[in-house]
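Thanks, everyone. I'll take a few minutes on one model and go through it feature by feature. Here it is.

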Amino acid sequence: MGFGVWTALLYGGALTGLDAVVAPLPHWQNPVVQVAAALAIVFHPFVLYAGLLGVAVWAYRRRLRNLTVGVVLAVGLGWGGYELVKFLVQRPRPTDTLSDLITSSGWSYPSGHMVATITAALVVVSVTTTTRQPRGVIEFLRYLGVALVLLVALDRWLLHAHFLSDIVGGFMLGGFTASLALTITRVHMQPARPTKAAAAASDKPKRCAIVVNPTKIPDWAAFRRHVEFACSESGWTPMFLETSVDDPGRSMTRSAVEAGVDLVMVAGGDGTVRVVCSELSGTGVPVGLLPSGTGNLLARNLGVPLDESEALDVVLHGRVDSIDLVELTIDDADHPEHIAVMAGMGLDARIMSGTDDGLKKIIGPAAYVVAAGDAANLPSFDVTVSLDGAEPMERHAGLVMVGNVGSLQGNLQLLPDARFDDGKLDLFVASPASVADWLRITTSVLLPGKEASEIDRGQGSEVLIETSEPVEYQLDGDAAGECRKLHARIVPKTLNVMVPEKR
């Protein structure tokens, strides 16, 4: 490690000659010194690190999870590493530094300004690479980053805030910690170049459609650029189809299938995913999930990464698997619905309908917890449940759920026996009589041990749920209104979906 060698040379006195090269003595009357003092505040580590944390928030909202973690880790390693080395070395500042300069306090080695500046420069380059900015933009920002690093180095030297060895040490430490953080989180700093595999794939072009719910994409231009680049690299020709308020994706998916595409990607919340999966059921055209909502329950259960870049890799380079869907007939509807995750009546539907969309954008899944507090106070309902034609079960229930998969957010296993390819649907009925019963049911679901007596479970191929009065219901996390009868049956292995090579 270069930084370790440099620090050892400093201890051994080998850098004394370098540190003898000093700038003219700074005086406040000198305009250059005044400008340098102002720049020292503008590029103070606190300012740069705060800006980088803002970048992390920006990346998180755009589903760039790896980049988010990489930026936070780079800040933590850079700041923490600097403070640790400074404490261990305890090298005094140059004696002729301006005594009242707030950016020249504390120990001298390494330069904290340089650590933060090189960290910020590498992160910005990584952001432009991850978001697939044009090569010209990336190159411009690279040169700008180099110029700013040199400017900050010159600034620290002119102010006599550091010895030259401090500045070089800060450069090395910042480069090491930022590179380590971005490497650990698999964030690339080099723009990708066309590969032989991509060139070969382009000789046999394939077509894909991307059904997008634009309300779930915070940066449409960056998202489209990212997808187009990934498709081009893998030999795919993409077509983008946006959903609307009147059509959550049905006609778009049908159009894609009629156009003969080889793959349909879906970028949206659980509701958009449900509609696209329903339309692709039985067609043989695989669906690729680009998680863009709050829940992303199907993606979680299939092991599809929530990071946009990694999800794209799974969609374009993963393997095809076949999964079940659950066909639902609501009341006496002429056409059935399909779900890939869960449908429910009662509490969960009330939570979905009571969750504020604006709050979901701000605090994410925690918004459901806020809505659950109000929904839990609503009364239970009388329900009759018939599983595979067996003797009906009558309950005064607060929640009835039918599921194809079992894992919810936070890896909560509501239906631990549910499998997306076992040819069975899973039933969950909760029948509380009081708040204490709800607490017992919740504890039973969250913690291992004896299951609460207020819970009934079952598995089968078909279930009929009937209530004495209209009850709110939800389909894959979307509130869908009220109904009195819900008939569900499993449709085995009817949907092809792209999943990771190893689950």
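Start with Arg457 and Glu451. Their side chains meet in a salt bridge, 2.8 Å from N to O. Keep in mind that this is a predicted model. Arg457 is partly exposed, at 34% relative accessibility. Glu451 is partly exposed too, with a relative accessible area of 33%. Elsewhere, salt bridges that share partners make one network out of Arg250, Arg254, Arg274, Glu279 and Glu337.

How many salt bridges does the count come to? It comes to 17. Side chains of opposite charge can pair when their charged atoms come close. Two further pairs deserve a look.

Take Glu310 and Arg186. The closest N and O atoms of this salt bridge are 2.3 Å apart. The pair links distant parts of the chain, 124 residues apart. Glu310 sits in helix α14, residues 308–317. Arg186 sits in the loop between α8 (164–184) and α9 (196–202). Glu310 is partly exposed, at 23% relative accessibility. Arg186 counts as exposed, at 53%.

Now Arg224 and Glu228. This salt bridge has its closest N and O atoms 3.0 Å apart. Both residues lie in helix α10, residues 220–233. They are 4 residues apart, about one turn of the helix. Arg224 is partly exposed, at 33% relative accessibility. Glu228 is also partly exposed, again at 33%.

Next, the overall layout. The protein has 503 residues, and 51% of them count as buried. There are 18 helices and 14 strands. Along the principal axes, the C-alpha atoms fill a box of roughly 95 × 60 × 35 Å. For one distance within the model, go from Arg135 to Cys277. They are 142 residues apart in sequence and 36 Å apart in space, C-alpha to C-alpha. Arg135 is in helix α7. At 34% relative accessibility, Arg135 counts as partly exposed.

Helix α7 comes back here, running over residues 135–158 and holding Leu151. Which residues make the nonpolar surface patch of about 330 Å²? They are Phe140, Leu144, Leu148 and Leu151. Leu151 is partly exposed, at 34% relative accessibility.

Glu482 is placed in strand β14, residues 478–499. Glu482 is exposed, with a relative accessible area of 53%.

Now the cysteines. A disulfide is a covalent bond between the sulfur atoms of two cysteines. How many disulfides does a search of the whole structure find? It finds 0. The cut-off is 2.5 Å between sulfur atoms.

Last, the backbone. Most residues other than glycine have a negative phi, and most peptide bonds are trans.

Tyr109 and Pro110 are joined by a cis peptide bond, with omega about -5 degrees. Pro110 falls in the loop between α5 (65–89) and α6 (112–130).

Gln90 is found in that loop as well, between α5 and α6. The phi of Gln90 is positive, near 50 degrees, in a residue other than glycine. Gln90 counts as partly exposed, at 35% relative accessibility.

Then there is Arg63. Its phi is positive, about 65 degrees, although Arg63 is not a glycine. Arg63 is in the loop between α4 (45–61) and α5. Is Arg63 buried or exposed? Arg63 is buried, with a relative accessible area of 12%.

That's my tour. Happy to go back to any of it.

Conventions:
Residues are numbered from 1 along each chain as its sequence is written. This is a predicted model: local features need pLDDT of at least 70, side-chain atom pairs count only at pLDDT 80 or more; totals for chains, interfaces and linings use all residues. Side-chain values use heavy atoms; hydrogens and water are left out. Helices (H or I, at least four residues) and strands (E, at least two) are DSSP runs, numbered from the N terminus. Buried means under 20% relative accessible area, exposed over 50%, partly exposed in between (1.4 Å probe, protein chains only). Patches are made of residues with over 30% relative accessible area and no salt bridge: like charges are joined within 9 Å, nonpolar side chains (Val, Leu, Ile, Met, Phe, Trp, Tyr) within 5 Å. Accessible areas come from the Shrake-Rupley method with a 1.4 Å probe; for residues, only the protein chains shown count as cover. A salt bridge is a side-chain nitrogen of Lys or Arg within 4 Å of a carboxyl oxygen of Asp or Glu.
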